[in-house]
Structure formats: C-alpha cells, structure tokens
Amino acid sequence: MTMSPAKPTRAQEVYDRIRGSLIRGELAPGSKLRMGDFTERYGVSLSVVREAVTRLAGEGLVEAIPQRGFAVATLTVDDLKDLTRTRVLIETLALAESVRHGDLAWEASVVATHHALARTPMVTPEGHVDPAFTVAHREFHHTLLAGCGSARLEAIATGLRDCAELYQHWSHEFGGDTTRDIAAEHKAIAELAVARDEAGATRALREHIERTTAALIDYAERVSA
C-alpha cells in the first residue's frame, strides 16, 4: 500500500511562509517581527508562530531581542565580509580537493546538477528569486564540493553556504547588479571543474561568491549614507 506524504504541521507551514517573506525581502533587515500580525494573517495561535520564529532564530534568519521579541537579522557589513572571506577560503579548498579527487560519478553529478540549474528560471514573474531555483542552486554548489573526499570539510563548507543563503537572496532583492550574468558564472565553474582546471575553477568560484557580496555591501552603504 502506498503511503501518503505526511501533512505539514501548522508550525511548519507558518515557518515556510515567514521564511519566504524573509527571503523575498518583504521583511526588511532589522525590522521587528510583530507576532500578533502573523497570528491574524495565518489564522494560528501565538504558540504556533513562536515555534516557527524560534526555529528561524536558530537558523540565524531572525534575532531574539531581550524584552522586545524578535527582529529580522540585521545586514551587518563586517559580518558579511567575514562570512564571505571564510566561505572563499573553505569552499575553494573543498572545490580544489574535488577537482583533484572527484571520480567519474562526481563529474556526472556536476554536469547533471548544472543542467537542472540552467533550466530553472531564477526569478518569478513578480521578480523574486524562485524557490525552485534556490533548491537547484543549493544542490549544484553542494555537488561541486561533494567530491572533496572529506565529510568534515564538506559539512563545514555546506554550513557556511547555508549561513549565507539569506544574504544571497538579499543581494538579488536589494543589490540590483543588473550587469551580472549569473548563468554564465555557473556554467564557467561547472566546465572548469569537470575539465580538472583547479586554478580556473577555484578562481571562478571565488569571484562568484565575492560578486554577490559586493552587490549587497553597495546596497548597505547606500541606505546608510
């Protein structure tokens, strides 16, 4: 007998909806989360909203403020620079190891996940990052590093990428780098990796990461001026 997939809990549904609002930039960095508004909007109890928001706080997407509740994570340039520097160091190391040691199955996975990413629209008709693109993008980048041969290194790199995901979306929503060809950047990284061009692949990945950061820092400096 075929089992039906488990129905999402109300807390999971609220979590997904609030997270979507964060990712799409509908809730501005640093803005206070009004728990009562969420209970009315989603027709749930305060405890359900609190469970969802507490989970988001555990992921670093929102911040708990003593005596004041929760707020959207702030856009901190120093933290963004630090995270970017760390990501570049770790992800380029993991990619270099993948290029050196990844087997034929790894090559095939890089090609396959890049194909899926290239065929997935980046933005919705409303101009926001498409959730399907987010999934395909995450899978592509995880696959690039999966041939490194070190579960610990891969886990550290993946954790850093997960920490950066909100910043990545904000870079699109607020940064507005209209001269950028992200699809070409992904294509170059994939082709250089499969060609076993260690120097070229790691350089392309570093530039890919740093350009995302540059657009968001430019936005942060404009709004703080």
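## Second largest pocket

The lining of the second largest pocket comprises seven nonpolar, three polar and three charged residues. In this predicted model, the second largest pocket holds about 250 Å³ of space. Of its 13 lining residues, Gly-60, Asp-79, Leu-83, Cys-163 and Tyr-167 are the closest to its centre. Helix 4 and helix 7 are the elements that give two or more residues to this lining, and the largest share, four residues, comes from helix 7.

## Packing of helix 4 against helix 7

Helix 4 (residues 77-101) and helix 7 (residues 151-175) pack at an angle of about 140 degrees, and their axes are 9 Å apart. The two helices are therefore oblique to each other. The crossing of helix 4 past helix 7 is left-handed.

On the side of helix 4, the contact is made by Asp-79, Leu-80, Leu-83, Thr-86, Arg-87, Ile-90, Glu-91, Leu-93, Ala-94 and Glu-97. Helix 7 contributes Leu-153, Ile-156, Ala-157, Leu-160, Arg-161, Cys-163, Ala-164, Tyr-167 and Gln-168. By class, the residues of this contact are 12 nonpolar, two polar and five charged.

## Largest pocket

The largest pocket has a volume of about 470 Å³. Its lining consists of 24 residues, and those nearest its centre are Met-122, Gln-168, His-172, Arg-180 and Ile-182. Two or more lining residues come from each of helix 6 (131-145), helix 7, helix 8 (182-194) and helix 9 (198-224).

Helix 7 provides the largest share of the lining of the largest pocket, with seven residues. The lining divides into seven nonpolar, 12 polar and five charged residues.

## Cavities

Two cavities of 30 Å³ or more are found in a search of the whole structure. The largest cavity has a volume of about 60 Å³ and is lined by Leu-80, Thr-84, Arg-87, Ala-164, Tyr-167, Gln-168, Ile-209, Thr-212, Thr-213 and Leu-216. Helix 4, helix 7 and helix 9 each supply at least two residues of this lining, with helix 9 giving the most, four residues. Five of the lining residues of the largest cavity are nonpolar, four are polar and one is charged.

The second largest cavity has a volume of about 40 Å³. Its lining is formed by His-137, Arg-138, Arg-161, Asp-162, Glu-165 and Gln-168. The lining of the second largest cavity has no nonpolar residues, two polar residues and four charged residues.

Conventions:
Residues numbered from 1 in each chain as written. Predicted model: local features only at pLDDT ≥ 70, side-chain atom pairs only at ≥ 80, totals over all residues. Heavy atoms only, no water. Axes fitted to C-alpha atoms, helices over the stretch in contact; angles between N-to-C directions. Parallel < 35°, antiparallel > 145°, perpendicular 65-115°, else oblique. Left-handed = near helix turned anticlockwise from the far one by under 90°. Contact = heavy atoms within 4.5 Å. Nonpolar A, V, L, I, M, F, W, Y, C, P; charged D, E, K, R; others polar. 1 Å grid on protein atoms, 1.4 Å probe; cavity = no way out; pocket = protein on both sides within 12 Å on 5 of 7 lines; lining within 4 Å. Points joined across faces, edges and corners; volume = space filled by probe spheres on them.
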